[in-house]
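Here is a quick briefing to read with the model open beside you. Take it topic by topic.

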Amino acid sequence: MSTRTIAEGDRVLGKVALRIMPFLALLYFVNYLDRVNIGFAGPNGMNAELGLSATAFGFASGIFFLGYLTLEVPSNLALHRFGARRWLARIMVTWGIVATVLAFVPNPTTLVIMRFLLGVAEAGFFPGIILYLTYWFPAAQRAKAVALFMAAVPVSSAIGSTVSSLLIAHGHGVFGLSGWRFMFLVEGIPAILLAFVTWFYLTDRPEQAKWLTEDERRWLTTELDNERKATEAAHHWPLRKALTHPRILGLAFVYFAIAYGLYALGFFLPTIIAGFGQQFGTKLSTVEAGLVTAIPYVIAAVVMVFWARHGDRTRERKWHVALPMIVGGVAIPIALYLGNPYAAMVAVTICAVGVCAALPTFWALPSTFLSGAAAAGGIALINSLGNISGFAAPYVTGWLRDLTGSQRTGLWVVGLCMLAGACVALVLGARPKPDRTQAVDSLP
């Protein structure tokens, strides 16, 4: 490829990124906040008002993911068939309605039911976005694109912790609601409003993008079509194979391990910070605790983008997934053994950086050998199985907290799980060997 062609391609991809990435990041910001804001509600009135133990809180937090995994694969296949803007808008309306209803749950049973339905409503959103990015970005730029999208996770956790704390602190009594109920109400509405924007703003495929010139559309469509044909020639993975192959299950375990760390932090970091008062004698207001919770995620957001860019530039994948997992897995168990809250927050921050840095490059892996319907089904299956950790992490962490009276055992489990996932990532490598039959058949 000539220098001029490379420069023109970079310009087109920059234009695409500027058009769709900020909006997708905004959608995921709202999505992730609605998923984990129960972590702020729990220690700020919800657990006491509903009479939830740590185990019950963990179960209510994690049941979301059992609902989530039930419809992941069919939802992503529907997005592949009907288009992203229609299907994502449908998902957002349903999850926004359920998220607002959480403000009015009267008891633990209803809370569990609504969290399960929230998972059902959100099913397909995240893997749908990952699939959507494969329609717009070639493989060489995909990890960076995923990182820009997934920066919404640490940003949501950082800004969301502060916003949620402010809503809880200042929303008490508004509409006759407790502070945590007011937070659920306010944070559920944006999903409904953004669903209508999504319908009109997103473009399903490059060939439909009127905001690109004809030459830009032609270049991007040709580039992606050629890459897809090369992938299909080297790796013949039909949908059935993508839903049954052991490699997909291995990748699902790696994602399980990464997400285990992510959700253990997301649901219990506010509780851990609230426990600093008992452990270290530190006194923080609700808003101050929210600001402290934001620190690890602000740093993680910056690191994950630079790490993904480095992975794209070097074209190395497996160590860009495994190394952050190893660093995070070692850091998190020692956090609560340190002698002061500052050292503990350093360890927690290192873990958050490790978890977040591993995510973008991981999601660049499936599209190196999957395309079309196989990519839709395979990505959804990996996400679905991996997100079982969203149930396991808060439930197991809460159960171990009740059993032992300490957060330490649960965090050891987080660390060991991440280390195991790193080992599997290294064994799997970046992509499978090319299908020799297909490679031979593709020769002229």
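Buried here means under 20% relative accessible area, exposed means over 50%, and partly exposed is anything in between, using a 1.4 Å probe and protein chains only. Helices (H or I, at least four residues) and strands (E, at least two) are DSSP runs, numbered from the N terminus. This is a predicted model, where local features need pLDDT of at least 70, side-chain atom pairs count only at pLDDT 80 or more, and totals for chains, interfaces and linings use all residues. Residues are numbered from 1 along each chain as its sequence is written, and side-chain values use heavy atoms, with hydrogens and water left out.

- pLDDT is the predictor's confidence in each residue, on a scale from 0 to 100; the protein averages 83, and 90% of its residues reach 70 or more.
- Among the elements, helix α11 (residues 179-201) has the highest mean pLDDT at 94, while helix α22 (residues 436-441) has the lowest at 44.
- Over residues 437-444 the pLDDT is below 50, and beyond near neighbours in sequence this stretch has 5 contacts in the model (a contact being heavy atoms within 4.5 Å).
- Where pLDDT is low, the predicted coordinates should not be read in detail.

**The nonpolar core**

- A nonpolar core is a set of buried Ala, Val, Leu, Ile, Met, Phe, Trp, Tyr and Cys residues joined through side-chain atoms within 4.5 Å.
- The largest one holds 141 residues, and Trp136 and Trp363 touch the most other members.
- Helix α1 (residues 3-36) gives the most to this core, with 16 residues.
- Leaving aside neighbours within four places in sequence, Trp136 is in contact with residues including Leu13, Val16, Ile20, Pro206, Trp211 and Leu224.

**Buried polar residues**

- Asn31 sits in helix α1, and with 0% relative accessibility it counts as buried.
- The Asn31 side chain makes a polar contact with the side chain of Glu122 at 2.9 Å; a polar contact is a pair of N or O atoms within 3.5 Å, where within protein one must be able to donate a hydrogen and the other to accept it, and residues adjacent in sequence count only if both atoms are side-chain atoms.
- Setting aside residues within four places in sequence, Asn31 is in contact with Trp95, Glu122 and Phe125.
- Ser164, in helix α10, is likewise buried, at 0% relative accessibility.
- Not counting residues up to four places away in sequence, Ser164 touches Leu33, Asn37, Phe40, Met183 and Glu187.
- Asp312 belongs to helix α16 (residues 286-314) and is buried at 8% relative accessibility.
- A polar atom of the Asp312 side chain lies 2.7 Å from the backbone nitrogen of Lys144.
- Beyond residues up to four places away in sequence, Asp312 touches Ala139, Ala140, Gln141, Arg142, Ala143, Lys144 and Arg317.

- The buried residues of α17 are His320, Val321, Ala322, Pro324, Met325, Gly328, Gly329 and Ala331.
- Helix α19 (residues 372-386) reaches 21 Å from its first C-alpha to its last, close to the 21 Å expected for its 15 residues.
- α19 is mostly covered, with 12 of its 15 residues buried, among them Ala374, Gly378, Ile382 and Asn383.

**Cysteines**

- With a disulfide defined as a pair of cysteine sulfur atoms within 2.5 Å, the count comes to 0.
- Cys356 is in no disulfide, as the nearest cysteine sulfur, in Cys351, is 9.0 Å away; Cys356 is buried at 1% relative accessibility.
- The Cys417 sulfur is 11 Å from the closest cysteine sulfur, in Cys351, which is too far for a bond; Cys417 is buried too, at 12%.

- Most residues other than glycine have a negative phi.
- Phe175 has a positive phi, near 60°, in the loop between α10 (152-171) and α11, and it is exposed at 67% relative accessibility.
- Arg315 has a positive phi of about 65°; it is in the loop between α16 and α17 and is exposed at 59%.

Methods. The expected span of a helix is 1.5 Å times one less than its number of residues.
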